[in-house]
Amino acid sequence: MEIVRKHIRFTGRVQGVGFRYRASYAARSLGVTGWVRNNEDGSVEMEAQGTEEQIYRMLTMLNKDSYIVIDRMDTEKILPKNGELGFHVKDYFF
């Protein structure tokens, strides 16, 4: 299975609702690596690495959460990072 990496920016009700910690839990449970952080503009930014299926399942888990409301998700495929371990919650961008 091919490993891909995606840079994703989420807008909507994504800050103050546990988005980063739910994303981290979902990613770790599925074997997805990368990071997630809040942005100053109220959006959340993420890089997720795994198979297309793993990333799809992680995003599905986030969409099912009753507190999170994703209005928009901008996704860009980027180069995978070799040797990355785990999924991390980062501090704010600013």
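## Strand S2

Val36 counts as buried because its relative accessibility is 0%, under the 20% cut-off for that class. This and every other value here comes from a predicted model. Val36 sits in strand S2. Apart from residues up to four places away in sequence, Val36 touches Phe19, Arg20, Val44, Glu45, Met46, Phe87, His88, Val89 and Lys90. His7 is 29 residues from Val36 in sequence, and their C-alpha atoms are 9.8 Å apart in space.

Gly34 also has its place in strand S2. Its relative accessibility is 0%, so Gly34 counts as buried. Neighbours within four places in sequence aside, Gly34 is in contact with Arg5, Glu47, Glu84, Gly86, Phe87 and His88. Between Gly34 and Val89 there are 8.9 Å, C-alpha to C-alpha, although the two are 55 residues apart in sequence.

Asn38 is another residue that lies in strand S2. With a relative accessible area of 4%, Asn38 is buried. The C-alpha atoms of Asn38 and Phe10 are separated by 9.6 Å, and the two residues are 28 apart along the chain.

## Helix H1

Helix H1 covers residues 19-30. Its 12 residues should span 16 Å at 1.5 Å a residue, and the end C-alpha atoms are 16 Å apart, so the two values agree. Just after H1, Gly31 takes a positive phi of about 80 degrees.

The buried residues of H1 are Phe19, Arg20, Ala23, Ser24, Ala26, Ala27 and Leu30. They pack against strands S1, S2 (33-38), S3, S4 and S5 (87-89), and against helix H2.

Arg20, which is found in H1, has a charged side chain by class. Beyond residues up to four places away in sequence, Arg20 touches Val36, Arg37, Asn38, Val89 and Lys90.

## Helix H2

Helix H2 has 13 residues and reaches 18 Å from its first C-alpha to its last, close to the 18 Å expected at 1.5 Å a residue. Its buried residues are Ile55, Met58, Leu59 and Leu62. Seen down the axis of H2, these buried residues fall within an arc of 95 degrees, so they line one face of the helix. An α-helix has 3.6 residues a turn, so residues three or four places apart point the same way.

The buried residues of H2 pack against strand S1 (4-13), helix H1, strand S3 (44-50) and strand S4 (69-78). On the face of H2 turned away from the buried side are the exposed residues Tyr56 and Lys64.

## Contact between the helices

The axes of H1 (residues 19-30) and H2 (residues 52-64) come within 9 Å and cross at roughly 145 degrees. The crossing is right-handed.

On the H1 side, the contact is made by Phe19, Arg22, Ala23, Ala26, Ala27, Ser29 and Leu30. These meet Gln54, Arg57, Met58, Met61 and Leu62 in H2. By class, the contact has 8 nonpolar, 2 polar and 2 charged residues. Some of the H1 residues in the contact are also buried, including Phe19, Ala23 and Leu30. In H2, Met58 and Leu62 are likewise buried and take part in the contact with H1.

Technical notes: Residues are numbered from 1 along each chain as its sequence is written. This is a predicted model: local features need pLDDT of at least 70, side-chain atom pairs count only at pLDDT 80 or more; totals for chains, interfaces and linings use all residues. Side-chain values use heavy atoms; hydrogens and water are left out. Axes are lines fitted to C-alpha atoms, for helices over the stretch in contact, and angles run from 0 to 180 degrees between N-to-C directions. Helices (H or I, at least four residues) and strands (E, at least two) are DSSP runs, numbered from the N terminus. A crossing is left-handed if the near helix is turned anticlockwise from the far one by less than a right angle, and right-handed if clockwise. Contact means heavy atoms within 4.5 Å. The expected span of a helix is 1.5 Å times one less than its number of residues. Buried means under 20% relative accessible area, exposed over 50%, partly exposed in between (1.4 Å probe, protein chains only). The arc is that of the directions from the helix axis to the C-beta atoms.
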